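Have a look at the structure first, then read on.

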Amino acid sequence: MPQYFGKLPTTNQPWKTVGAGELVNKNERSIYFASGDSRLSISIIAANLIRVRFAPTGEFLPRRPWAITMDDSEWEQVFYEVKETDTTLEITTEKIRICIQKQNFHLSCFDLADRPFAEDADMGIGWRLGAVANWKKIAPNEHFYGFGERTGFLDKLSQVKTNWTVDALDYDALTDEMYQAIPFFMALRPHVGYGIFLNTTFWSQFDIGAAQPGVWKMETRGGELDYYIIYGPEPREILCTYTQLTGRMPLPPKWALGYHQCRWSYESETVVRELAQEFRQRRIPCDVIHLDIDYMRGYRVFTWSPTRFPHPAQLIGDLAKNGFKTVTIIDPGVKYEPEANYHVFDQGLANDYFVRKADGALFHGYVWPEKAVFPDFMRADVRDWWGNLHKSLTDAGVAGIWNDMNEPAIDSRPFGDGGEKIWFPLDAPQGEAEVQGSQCVAEVPTAVPSSRQSRPTDCLPVVATGVSRGARENSTTHQEVHNLYGLMMAKACWEGLQQHRQQERSFVLTRSGYAGVQRWSSVWMGDNHSLWEHLEMSLPMLCNMGLSGVGFVGCDIGGFAGNATAELFARWMQVGMLYPLMRAHSAMSTARHEPWVFGDRTENICREYINLRYQLLPYIYSLFWEAATTGAPILRPLLYHFPNDPQTYTLYDQVLLGSSLMAAPIYRPGVEHRAVYLPAGTWYDWWSGECYQGATHILADAPLEKMPLYVRGGAVIPMQPVMQYVNELPPDEIRLRVWPGNSEYSFYEDDGQTFAYINQNFSLRRINVLTQTNQIIVNISMREGKWTPPQRQIIVELVGVGQQQFIDDGQEQSLLF
């Protein structure tokens, strides 16, 4: 093997593979196979959902309740048939057929048209010391999406994706590990689609045909292969089942869907008051102001600076009177400060709430408050304590919490001293204490990466497979739960806010998380840059998050690091209008990035598109309801609704907001025209009303003031008058904009503030649009649900034709145009 750049060739331990096996047991849900010491189980969870587990030593690990919302036994039992021959065993449900080869445990799935998917390749299942892997075939014209938070384009074919949370500072299109680790993806080709959830919190990796074209591989360092196969065939069915498995988000407060303004940092009460005044005087809508780390006393979490923020409750109250909600940042690092009367440190130390090393010594690292210790969020008592600490903030009127640095992001030396990025020792015990006398996890060496660019593959110790776990289910080490640190911090925060804010919904934002993070928090894509490339990359990043079950997502508008130009900021605000989380943010070392700092032209563009966001809030809020009930993403790639159109498979720079509104943003300087693909169907230009028939490409005019925007034929878009903040004015008018075509639409509303919607306190109207030869009929169903909106006028506008209106009394309406 040739040597290059001073590197020596390496030799990997060979993979062991499965030999001939046999069926050894069967019950109403699962089938078990044995081959020597190895064990394989196939569980039929739903007609389109199976779970595959393989234990090389024959010992399955205990089920951990961290990502999966229901035990397999809690799913409604489904009927399936089993057919066995000398060489195979086949399992058939009403949607798929699974074939297992007895000679090597190779597994293949087939749809009802006998098209294969998730089909094992020649290698099948293999294992070696500390790792288990599975190889499967890549079908012709198959494309891969999801994988959580990822840079680059939409389709991840021929790439390697590692699941290990890191502080991805200065990320770019080639970055692998990110702040989020979500080991889920979906594969799509015409008429066939399936999802894979690799059910492990250990370091894991997907190789999608990079090492071996035509074969994808999943690998985990957890000692057992455990994954779910979800049959579609379309993305919406895959996501519906996946989010039934890992959970769906609760409805956020409606104000969280408005515009958020943030900077590191608005450093004093005076600056924050001036900021709020600018928004209201300039008539630029805004609902939320975020306070970054400088509101604290010396970066001590759950404190306020006595000089810069001496009267927080008064400040927050005054902001609230002017329509602003306040969100404060919280990091996990607690300043190490013995005998200084710092209550967070004192309580945590007294109750042994902080992470310790395997030898019992308190772990510390360096973050903003310099030397810091870190809560063990794997413990329920620690989460309760941490959640209760938020009371000091909610008592002052804080409406939401922004969780940062929770990968965890830690330096080995004080910031600015040239330290290295580290995390907790991988053998650090976490979770509930083990019962005395139980067997422990195999001893592993402490490992710290040697440089900022180190990868977990360089430093992760191996784990002997089949070692007995602790007697308590949640007792483990950091090696297993590293990827869960941000998730569990977000959970602690969400539960604490719900306790202290009682019936009011709260807003939680997190940088790090794992599969199922949507249950506890919204997510932003971390520290991006004021670069055109990062504007372009934001759309596929957010779409792949949505295809990973996390719908409430956003990127920092304008870019966090660096200085945006006026043109870049204007174009980014146009795109940001589409983000489910619409937040502008910038770093302290940059120029200010508020909408008015770039001159009148940019300010007017920002105002117009933020106004449009607020007009569209009824439509966007219905999308959040859809996400909360079905798991559907809010921002969607075109392939979501056109999964059998190969033209959409790599189309990353056009997006759908819901099913009806499509944008084709500009993401390069000086560009005022661009090609736009219109899939099959009728499409209307949002601005001009011009009609197009797809599938076709068009050249769109896009001067700086205009982002190309299109509406599907038959669409219903509910809109409201412009407001400076959510609920500024009584909602006395709703305009239903309708385009000719045929469709069904569900218009959802509730009070936007409480959890009363869980008890049917909502309003749901079903709207049908039927186009006939010389007329269009718009049928609006009787209101469903117990919630009655305030009295208002409904204006039904058939775009390009005319409008009719009525007073909304909840009764059925039929309008003829």
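Where is His191 found? His191 sits in the loop between strand E16 (184-189) and strand E17 (192-198); strands (E, at least two residues) and helices (H or I, at least four) are DSSP runs, numbered from the N terminus.

This is a predicted model, so local features need pLDDT of at least 70 and side-chain atom pairs count only at pLDDT 80 or more, while totals for chains, interfaces and linings use all residues. Residues are numbered from 1 along each chain as its sequence is written, and side-chain values use heavy atoms, with hydrogens and water left out.

1. His191 has a positive phi of about 75° although it is not a glycine, and at 44% relative accessibility it counts as partly exposed. (Buried is under 20% relative accessible area, exposed is over 50%, and partly exposed is in between, with a 1.4 Å probe and protein chains only.) Asp352, also not a glycine, has a positive phi near 55°. Asp352 belongs to the loop between helix H4 (343-350) and strand E25 (365-367) and is partly exposed at 35%.

2. The peptide bond from Trp264 to Ser265 is cis, with omega near 0°, and Ser265 is in the loop between strand E21 (259-261) and helix H2 (269-282). Another cis bond, again with omega near 0°, runs from Glu407 to Pro408; Pro408 lies in the loop between strand E27 (400-403) and strand E28 (410-411).

3. Helix H13. H13 is mostly covered, with eleven of its 14 residues buried, among them Tyr619, Tyr621, Phe624 and Trp625. Just after H13, Gly631 takes a positive phi of about 85°.

4. Aromatic pairs. Rings of Phe, Tyr and Trp (its six-membered ring) pair if their centres lie within 6.5 Å; planes under 30 degrees apart are stacked, over 60 edge-to-face, and the rest tilted. By this rule the count comes to 53 aromatic pairs. Trp304 and Phe309 make a tilted one, 6.2 Å centre to centre with 50° between the planes. Trp304 is buried at 15% relative accessibility, and Phe309 is buried at 1%. There is also an aromatic cluster whose members include Phe302, Tyr336, Trp385, Trp386 and Tyr485.

5. Charges over rings. Here NZ of Lys or CZ of Arg must be within 6 Å of the ring centre and within 35 degrees of the ring normal. The charged end of Arg97 sits over the ring of Phe110, 4.3 Å from its centre. Arg280 lies over the face of Phe324, at 3.8 Å from the ring centre.

6. Ser38. This residue is in strand E4 (residues 38-46) and is buried at 4% relative accessibility. Its side chain reaches the backbone oxygen of Pro56 at 3.1 Å. Leaving aside neighbours within four places in sequence, Ser38 is in contact (heavy atoms within 4.5 Å) with residues including Phe33, Phe54, Pro56 and Trp127.

Definitions and conventions:
A polar contact is a pair of N or O atoms within 3.5 Å; within protein, one must be able to donate a hydrogen and the other to accept it, and residues adjacent in sequence count only if both atoms are side-chain atoms.
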